[in-house]
Amino acid sequence: MKIAVATTVVPFAKGGARRHAGELTAALSRRGHEVDEILLPFWPDPEEMVEQMLALRLLDLTHEAELLICLRTPSYLLRHPNKVVWFLHHHRPAYDLRETYPDPRTPHSDAIRESIYESDRLGLREARRVYAISRVVADRLREYNNLSCEVLYPAFGDADSYHCDEYGDFIFFPSRIAPLKRQALAVEAMAYVRSDIRLVISGKADVPEHLDRLRELVAGLGLEDRVELEGAWIDEGRKRELYAGCLAVLYPPLGEDYGYVTTEAFAASKALITCTDSGGPLEFVQDGRNGLVVEPEPRALAGALDELAGDRPRARRLGEEAKRALRRLDLRWDPVVEALTR
Amino acid sequence: MKVVILSVHVPFVRGGAELLAGWLADNLQERGHETELVQLPFRWNPPRVVLDHMLSARLTRIRPADRIVAMKFPAYLVPHENKVLWLLHQFRLAYELWATPHQGLENGYEAGRVREAVIAADDAYLPEARAIYTNSSVTSARLKRFNGLDSTVLYPPLRDPGSIRCESYGDYVFFPSRITPAKRQELLVQALAHTRSGVRAVIAGAPDVPAYLDPLLETIEREGLGDRVELIPEWISEERKLQLYANALAVVYPPLDEDSYGYVTMEAFYARKAVVTCEDSGGTHELVEEGVTGRVVPSTPESLAEALDELAEDRALAERLGHAARERLDTLNVSWDAVVETLTA
């Protein structure tokens, strides 16, 4: 079948959508489909969002492909009679973050938010089927869009490329550096940590100021020796090395949609420390079995870090169970391809 | 700086423009620029969808970029304060191909209105660019003729010219290209039937559609050219191609009204081979000068045959033209250094 896989992407950002689209395209091709990946630039500045939504709406792929699979919002505005949406996330500042992290207030912001709601209603209504990338996202679709849909986890095709060397003397926190990922919370926690564990944060900042602010925080708390801040994309090899060598992985985002970090940590036989409001990771992490789940609060997080630093055999036990949990999840491409092309 | 290369993509089709955009991205990156390639989907039938694509491009926002290098219609309509154009061609169906057998737009009232809109959009929005570069003087001349706009020619370099070599001047002429009527492989086969020197031809390239091979095979059969024409109807490996360039007597490249000089011409020149082309071949004339770096002859089998015989019977001539061809390249300043510097200036 001729299949177009479409998603919006932010130029220069190596976000999940790009990775997701690439891996899905490869999986569909392996199954013998003729697949083309369509990456559409989309800059999520609300003040320029309405025109960009219209730019997408004007594109009709009816004659190009038999099936259109849409990923990141609002790529489902593309026109096609046989459209399937694998919903990654909403424009969250207009939905679940509307009260906590809303888009900046402007004379147009109410009208723009209404346009976002309307475009989601339209695009999702047109779809033949909608799948959610996680339960968190499925719950939001039910709450905000009155849509009940099946959860389809992304396959984890290269889980075998992760390994575990040891349970070392540092905690690893890999992620884009952004307020919602809460690197600042992790740094603040380090001020309360009593053991000599170190924290390695690596990832690129969405906007350079976020990295600057984090640096100031580290310096202000006098944690330069204990917190290592790598403010750039790490290559895949180095990322795997850090997973392989750390004691455990820390990932405490706010309401994450899915979070590749969870399954990557599990693949490296590492426990995941996350928070009660972190969203996606909670679908995989069970407190005290394959990780630790604590309140999103510096002292609570520090307690969890000290707990594992003071009991390495426990960090290992949780990590080994995490690896087994990942195997049980059986995140393969076959069922995903099956569902999307049904 | 952060550079976005902006082009278009016809879903499920890969073309030469995409290769060039990819090479440009590689070369920008090698020189320290953060680079992203953005390709907007495009189609043109029925003609009215061209209007949708134009409007869609106008509404598209490219952030965060310090520079946009736009290469094709309608992607170059995307507004940006720091946009430069490296134009491969405009929407040819609305310009030089309009009202020709190659028009390619379903005919009728609608197509006419769409054509007017394309020209109006080009007139209005092309001047937004900080600078307009083109791939050839043919493209620049059209821009001047149709839209009254001045532009500067910036020749696209080959990806890796250093690998091209010359070993000998053998007993065959080489014609590497997609097999398609506009490239006129059949003209070469017919010419072979008129040659007296026994010169051979190697024609290599994938046919756009399998049926394009039929007339070639029929002519070869009818004229009994089986042992003088080697037809390789597929993409040949880079190494095989270099080998065939290296030992050819000369290169034949007689397309009909090509936009630009064509990569074949430039590859031939790096391999120190004269290029035999036709008076109606268009862009090839930018590099091929009659009697100096190759031959430019009328597009008839007889004229082409005569040119091939002359080269086959006078290898020293083939060699002399080939060396002049290589020297001609040095006067052009075609390099990725120059391209990157110009487009990011």
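The following dialogue explains how to read several features of a predicted two-chain model.

Trainee: Which conventions apply to this model?

Mentor: The model is predicted, and local features need pLDDT of at least 70, side-chain atom pairs count only at pLDDT 80 or more, and totals for chains, interfaces and linings use all residues. Residues are numbered from 1 along each chain as its sequence is written, while chains are lettered from A and ligands numbered from 1 in the order in which they are written.

Trainee: How many helices and strands are there in chain A?

Mentor: Helices (H or I, at least four residues) and strands (E, at least two) are DSSP runs, numbered from the N terminus. Chain A contains 11 helices and 12 strands. Its radius of gyration (taken over C-alpha atoms) is compared with the globule rule, 2.2 Å times the number of residues to the power 0.38. For chain A the radius is 20 Å, close to the 20 Å that the rule gives for 342 residues, so chain A is as compact as a globular protein of that length. The C-alpha trace of chain A spans about 60 × 50 × 35 Å along its principal axes.

Trainee: What are the corresponding values for chain B?

Mentor: Chain B has 11 helices and 12 strands. Its radius of gyration is 21 Å, close to the 20 Å that the globule rule gives for 345 residues, so chain B is as compact as a globular protein of that length.

Trainee: Which residues of helix α4 of chain A are buried?

Mentor: A residue is buried if 20 or more other C-beta atoms lie within 10 Å of its own, exposed if 12 or fewer, and partly exposed in between, with C-beta atoms placed from the backbone. An α-helix has 3.6 residues a turn, so residues three or four places apart point the same way. In α4 (residues 135-145) of chain A, the buried residues are V136(A), V137(A), A138(A), R140(A) and L141(A). Their cover includes β4 (83-87), β5 (129-132) and β6 (150-151) of chain A. After α4(A) comes N146(A), with a positive phi near 55°.

Trainee: Is V285(A) buried or exposed?

Mentor: V285(A) counts as buried, because it has 26 C-beta neighbours inside 10 Å. V285(A) lies in the loop between β11 (272-275) and β12 (291-294) of chain A. Two residues are in contact if their C-beta atoms, placed from the backbone, lie within 7 Å. Leaving aside residues up to four places away in sequence, V285(A) touches T262(A), L272(A), T274(A), N290(A), G291(A) and V293(A).

Trainee: At what angle do the axes of helices α8 and α10 of chain A cross?

Mentor: Axes are lines fitted to C-alpha atoms, for helices over the stretch in contact, and angles run from 0 to 180 degrees between N-to-C directions. The axes of α8 (residues 260-267) and α10 (residues 312-329) of chain A come within 7 Å and cross at roughly 115°. That makes α8(A) roughly perpendicular to α10(A), a class that covers 65 to 115 degrees. The contact is made by T263(A), A265(A), F266(A) and A267(A) of α8(A) with A322(A), K323(A), A325(A) and L326(A) of α10(A).

Trainee: How many residues of chain A are in contact with chain B?

Mentor: In chain A, 22 residues are in contact with 20 residues of chain B. The elements giving two or more residues to this side of chain A are β1 (2-9), β2 (34-41) and α2 (49-57). By class, the residues of this side divide into 12 nonpolar, 2 polar and 8 charged. Here Ala, Val, Leu, Ile, Met, Phe, Trp, Tyr, Cys and Pro count as nonpolar, Asp, Glu, Lys and Arg as charged, and the others, Gly among them, as polar.

How values were computed
Parallel < 35°, antiparallel > 145°, perpendicular 65-115°, else oblique.
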